[in-house]
There are 6 protein chains.
Amino acid sequence: MNIQIINPNSSKKITDDIKKAIKKYDINNKNLVFTTALDGPETIESSFDECFSATTVLETIKKNTHKYFDAHIIACFGDPGLDAAREFADVPVIGIAEASMHFASLVATKFTIITTVSRMKTHTENLLYKYGYDRKCSKVRAINCPVLSLVDEFDISRGILEEECVKAIDDDNIGAIILGCAGMAGLSTDLTAKYGIPIIDGVISAIYLSEALINSNITTSKHGDYAFPPEKKYLGKFKNMGTTL
Amino acid sequence: MNIQIINPNSSKKITDDIKKAIKKYDINNKNLVFTTALDGPETIESSFDECFSATTVLETIKKNTHKYFDAHIIACFGDPGLDAAREFADVPVIGIAEASMHFASLVATKFTIITTVSRMKTHTENLLYKYGYDRKCSKVRAINCPVLSLVDEFDISRGILEEECVKAIDDDNIGAIILGCAGMAGLSTDLTAKYGIPIIDGVISAIYLSEALINSNITTSKHGDYAFPPEKKYLGKFKNMGTTL
Amino acid sequence: MNIQIINPNSSKKITDDIKKAIKKYDINNKNLVFTTALDGPETIESSFDECFSATTVLETIKKNTHKYFDAHIIACFGDPGLDAAREFADVPVIGIAEASMHFASLVATKFTIITTVSRMKTHTENLLYKYGYDRKCSKVRAINCPVLSLVDEFDISRGILEEECVKAIDDDNIGAIILGCAGMAGLSTDLTAKYGIPIIDGVISAIYLSEALINSNITTSKHGDYAFPPEKKYLGKFKNMGTTL
Amino acid sequence: MNIQIINPNSSKKITDDIKKAIKKYDINNKNLVFTTALDGPETIESSFDECFSATTVLETIKKNTHKYFDAHIIACFGDPGLDAAREFADVPVIGIAEASMHFASLVATKFTIITTVSRMKTHTENLLYKYGYDRKCSKVRAINCPVLSLVDEFDISRGILEEECVKAIDDDNIGAIILGCAGMAGLSTDLTAKYGIPIIDGVISAIYLSEALINSNITTSKHGDYAFPPEKKYLGKFKNMGTTL
Amino acid sequence: MNIQIINPNSSKKITDDIKKAIKKYDINNKNLVFTTALDGPETIESSFDECFSATTVLETIKKNTHKYFDAHIIACFGDPGLDAAREFADVPVIGIAEASMHFASLVATKFTIITTVSRMKTHTENLLYKYGYDRKCSKVRAINCPVLSLVDEFDISRGILEEECVKAIDDDNIGAIILGCAGMAGLSTDLTAKYGIPIIDGVISAIYLSEALINSNITTSKHGDYAFPPEKKYLGKFKNMGTTL
Amino acid sequence: MNIQIINPNSSKKITDDIKKAIKKYDINNKNLVFTTALDGPETIESSFDECFSATTVLETIKKNTHKYFDAHIIACFGDPGLDAAREFADVPVIGIAEASMHFASLVATKFTIITTVSRMKTHTENLLYKYGYDRKCSKVRAINCPVLSLVDEFDISRGILEEECVKAIDDDNIGAIILGCAGMAGLSTDLTAKYGIPIIDGVISAIYLSEALINSNITTSKHGDYAFPPEKKYLGKFKNMGTTL
């Protein structure tokens, strides 16, 4: 089973973080291929960033069509390019925000999401609605740390994150917490143990959710609006995508 | 990995059907234990039936606490007793309606559910809302066949079901179909191949979704409203549950 | 006019409390028959409790089919077994959560509900949605007193409850308060007088709402999903219900 | 018990119709005072009509403050002036659309409303939302008969109305029907008997619902936004209302 | 281009305030005709006030049908009589609450509304829902100043209003603020400059939004429920409206 | 007043169509600058297309920062890149889907949208929700003509479009129709006249709505999530954007 994990942030440090986080889990039977989306923004903290990272996600999938993947994972909590990737790919595509929300809703009636900077709160609320989890999310909290600080100033950020977890557990009437950034990968196991409440990481969730779909023989529908649109001309810089599109 | 699959219908024919359906999938690494809830209604086609089947689900879990299970699956499309079972059990509990809705939403923007009798349409709509999929479901359709006819008059029921699939594909602006009854288990593979659109079975979905949670080390929260309530006296017939509750 | 008031809690102390509360009202023309559901949990404070109490409610109605009732009232704020009871009975069935929400919405644009333990908050929110009052409820508050403390430690609980009423009046932008537990019956008259705002009790509301339906000649529909389902076999312990079902 | 029934239509024929309809019910213990709102539109079939009828409702209550009423009923399916009347009156005020929706939701999971002209469909949908019943209403149907035709061409209108009832029963997945016009009062008993499904009239519902509130000692909140606003100057034609306002 | 600006409050001081506020904008090409609705309440702070002000708005339009207007603006934040005015008039009619919500949603993902007295909060929430902006409004805040205090005690009120703006900017996760009262007109320019965030006034918004509709040749639909209803008799005081209605 | 009208489709034929359509309106006082987004897909009929067109919209704005614009219009009914463009630009940015929905809601209580291919129906429903108009849209209809057919086979497409308008007017209980594609620009005036109901074009709506914002001195908020994010490194192909970003 080959699963491509695409980091839409162009920062390799975040890719390395994700790799390290996964080592704590048993993934023997899966071949995980990590790809850093080189061309886009270093980190994704706005709609502007998301637009460019969405195209890099699509190009990353395109460039690798000679390899076979059983699923693609978009490892950024904004799930950039998810619907477009489903149109393009023939296999399941899973976003990490989506996967963590699915899992949280299976083990708790209400959950809180902790995101990085406060400007991402509305983005996260939009995703909650998109996936149907707006009524299950008690609160979206922000720790006001930029994504890269999770890597570069890990100890400080982790402290702030843990404080926010405690507030969520005390005040939000919840049963679970979602870590709302790929840069927080690797903390879920420790924090779950420490606080006695499921604290959920999107990357891990997405890997096992992908595997579940693959084993169920359920793949992205090619009937309806996920069908790839009729061949058309791309002028200018995407011309090189022309023949197969 | 031990997974208990509870058929809340007291009909063993339905349990046998489910067993047969699963044979088409690779479940080598999982020990599936099937239990038919003996005391309840033969089939579940009303709120009245669901009340009694919910308690049989709970008693089935209770009676087997000396065995170890990694997850429990409630194999009836009404997901009877799901929240109560999550309070009682320490491991993940998954309903088949819930599981199929999760999977359909990952491979299509809109789906249709085909249920048995028309009186279950409102029940299904309530579940869609509960799990957050009301906006993703284009239509709940009924074939007006009682649950047992799916076993006893399989050929007739299957014909009617296929006609309804065709109507859904033509008219509902959808990308996937959910088979809304455990008694329809086993048809999903053939129908998916025949109609070229994901046609999703809840039991299969629930098995692999349970496995995904188990492997992710994410289990039912015991913080908040899924915590089991403080010990209390059960008078009369549930007295025998008294000591451990 | 005969109205059966079913206390789904198996605690007779709560039944006595309800009886005492009603004495303050003029019920001359109604014959109120109180039934304590003996077999179920002593108090209902979880989904697990609700499952078992729902079946005791149904059995209580079943056992009394030789008597004639014009309506049944389910006197627990979770309204356990309400839909199932409507399928089974030919006369109106009213839950006390439902009745109090109907009445609050007729005298105020927004209301607050005060429940017992915080784990019941999500349950109450689910009921608000079910009955259509989610947008009219400003806040669900919990006093963190178990149901029985309302009987056994009445003075302490009442003090805490009154403090919560004051907070609701000051902070929630509301016009009414609902007492969210049958064990709070009897306080509504005094608290309404003391705080100058409608403070509503579900049991009283349900009695007069039942009478209103009876006098209007409007009874539970037997067309659609409240029709009792076709006769079917109940194996095991409900076998004795077989003939009439 | 004195209940004022205000017909906001200035047509006395409709008031007479309502009086006749009520004769079929036992109202011995209640003194019903009928008032036709003389100044407003003959019938209410638009937002424009509703604006003027709302003020006539308020003036009708104002003119009768020397008499004592235990409740006021607004007997037009648009419930014109309902919130304003609640601010002004000290006793319960009930609209007939509101009352019928409350009652339908107590005896069926889904209902259909049959209104007069199609232009009132959106008005009715707005009321459904306001009262919280938008999710319980399967469909709003219009018979395209003006209100007065229900009086002046009773036989023709009744035939069309019955045809629409049959369509609703066959196609709408419902358990009850609401007659969406005061001019349809009096048909509910016969149609319920004929079609074997609750067919609900708003005036009857409002009378018994008012009585239920009165007996429960629950009256319109004077805390919050139903409190009457501080005295203020009304210039021009409402000057005569000045002293008590 | 002739635009009628109707002040539904009968206070001329508020009309003067609005006139003064507009002077800061370039309206060279538009002829703005100001009308104070003489008969209604001095200020509008309740549903009761709104009922009477709605009819004065309609009568103001009616009295001026001999003049030609390209659009009518209802300059009170409750938008009283808006739907009725659209039925009656052949040209666009815009409410200032509506206009300000449209504009705020075009420049920010979330906004806060600051209203006068707290009893208007629920009214404002109802308008947010009506126009579709309930999900974009982060919070409705009240400064607890009556409308006239904005004119009579301008300096005090302005101070309180600015404090509330600061709280909104700090706590509400917003990008814009709407001034929720015609009496606040004239402050938007200064406050926008002072706080560096769009602070939006409804009257200005309504003037330019009306102009946009006029220039687009888009006017109120006369198909569907904004069509003026068939001629009917108005008894009593509206008789004088009879011939043209 | 300089307004940039960006055609995100790379087809110049569509730009020409839009130009021609605008000639019917008085735009004397505005300098409209048309830009065809050269690099992206010829037409936009999928999420995949939208991803690439979103970045071309952003690059088109970026390339022209040496010119001064008072507003930017995104002239494709999917409004690709709208939120990102608002983050990047200092002046108002308006999408044509957004603008047409705003205008339709000001002149009718309900409207229908007619889109091109059926696969865009879910996209349009998502936009309706995003802007708050989901409850005002009665139906999204598709004519099943690709975008380019509106230019290349104008007469055939127009015939099909008119048939769909007639169906909408007859069946959808609406007061207005929105033409859901920039390629339909130019038909609104004729169709409005022919069918006697507002038939609304997004480009015209967006031009006058932009002007309204500009004249109101209301521009995109730079407080909150439309603030442009902190400077960051763009690797690879967007490097050339580095200095100013």
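In the predicted model, 2 salt bridges are counted between chain A and chain B. The side of chain A that touches chain B draws two or more residues from each of strand E4 (93–95), helix H4 (96–107), helix H5 (121–131) and helix H9 (202–215) of chain A. Of these elements, H9(A) gives the largest share, 8 residues. Sorted by class, this side of chain A holds 22 nonpolar, 15 polar and 8 charged residues. Polar contacts across the interface of chain A and chain B amount to 18 residue pairs, with both residues at pLDDT 80 or more.

In terms of extent, 45 residues of chain A contact 44 residues of chain B. The area buried between chain A and chain B is about 3,700 Å², and 59% of this area is on carbon and sulfur atoms. Three residues, Leu106(A), Arg135(A) and His223(A), account for 19% of the area that chain A buries against chain B, which is more than any other three residues supply.

Some chain pairs were found without contact. Chain B and chain E are not joined by any contact, and their closest C-alpha atoms lie 16 Å apart. Chain C and chain F likewise do not touch, with 16 Å between their nearest C-alpha atoms.

In chain E, helix H4 (residues 96–107) packs with helix H9 (residues 202–215) at an angle of about 80°, and the two axes are 7 Å apart. An angle from 65 to 115 degrees counts as roughly perpendicular, so H4(E) is roughly perpendicular to H9(E). The contact brings Ile96(E), Ala99(E), Ser100(E), His102(E) and Phe103(E) of H4(E) against Gly202(E), Val203(E), Ser205(E), Ala206(E) and Leu209(E) of H9(E). By class, the residues of this contact comprise 6 nonpolar, 4 polar and no charged.

In chain F, the axes of helix H4 (residues 96–107) and helix H9 (residues 202–215) cross at roughly 80° and come within 7 Å. H4(F) and H9(F) are therefore roughly perpendicular to each other. On the H4(F) side the residues are Ile96(F), Ala99(F), Ser100(F), His102(F) and Phe103(F), and these meet Gly202(F), Val203(F), Ser205(F), Ala206(F) and Leu209(F) in H9(F). The residues of the contact between H4(F) and H9(F) divide into 6 nonpolar and 4 polar, with no charged residue.

Over all chains, the count comes to 72 salt bridges. A salt bridge within chain A links Asp152(A) to Lys13(A), with the closest N and O atoms 2.9 Å apart. Asp152(A) belongs to helix H6 (residues 149–152) of chain A and Lys13(A) to helix H1 (residues 12–22) of chain A, so this pair ties together parts that are 139 residues apart in sequence.

Technical notes:
Residues are numbered from 1 along each chain as its sequence is written. Chains are lettered from A and ligands numbered from 1 in the order in which they are written. This is a predicted model: local features need pLDDT of at least 70, side-chain atom pairs count only at pLDDT 80 or more; totals for chains, interfaces and linings use all residues. Side-chain values use heavy atoms; hydrogens and water are left out. Contact means heavy atoms within 4.5 Å. Buried area is the accessible area (1.4 Å probe) that two parts lose on being put together, summed over both. A salt bridge is a side-chain nitrogen of Lys or Arg within 4 Å of a carboxyl oxygen of Asp or Glu. A polar contact is a pair of N or O atoms within 3.5 Å; within protein, one must be able to donate a hydrogen and the other to accept it, and residues adjacent in sequence count only if both atoms are side-chain atoms. Helices (H or I, at least four residues) and strands (E, at least two) are DSSP runs, numbered from the N terminus. Ala, Val, Leu, Ile, Met, Phe, Trp, Tyr, Cys and Pro count as nonpolar, Asp, Glu, Lys and Arg as charged, and the others, Gly among them, as polar. Axes are lines fitted to C-alpha atoms, for helices over the stretch in contact, and angles run from 0 to 180 degrees between N-to-C directions. Angles under 35 degrees count as roughly parallel, over 145 as roughly antiparallel, 65 to 115 as roughly perpendicular and the rest as oblique.
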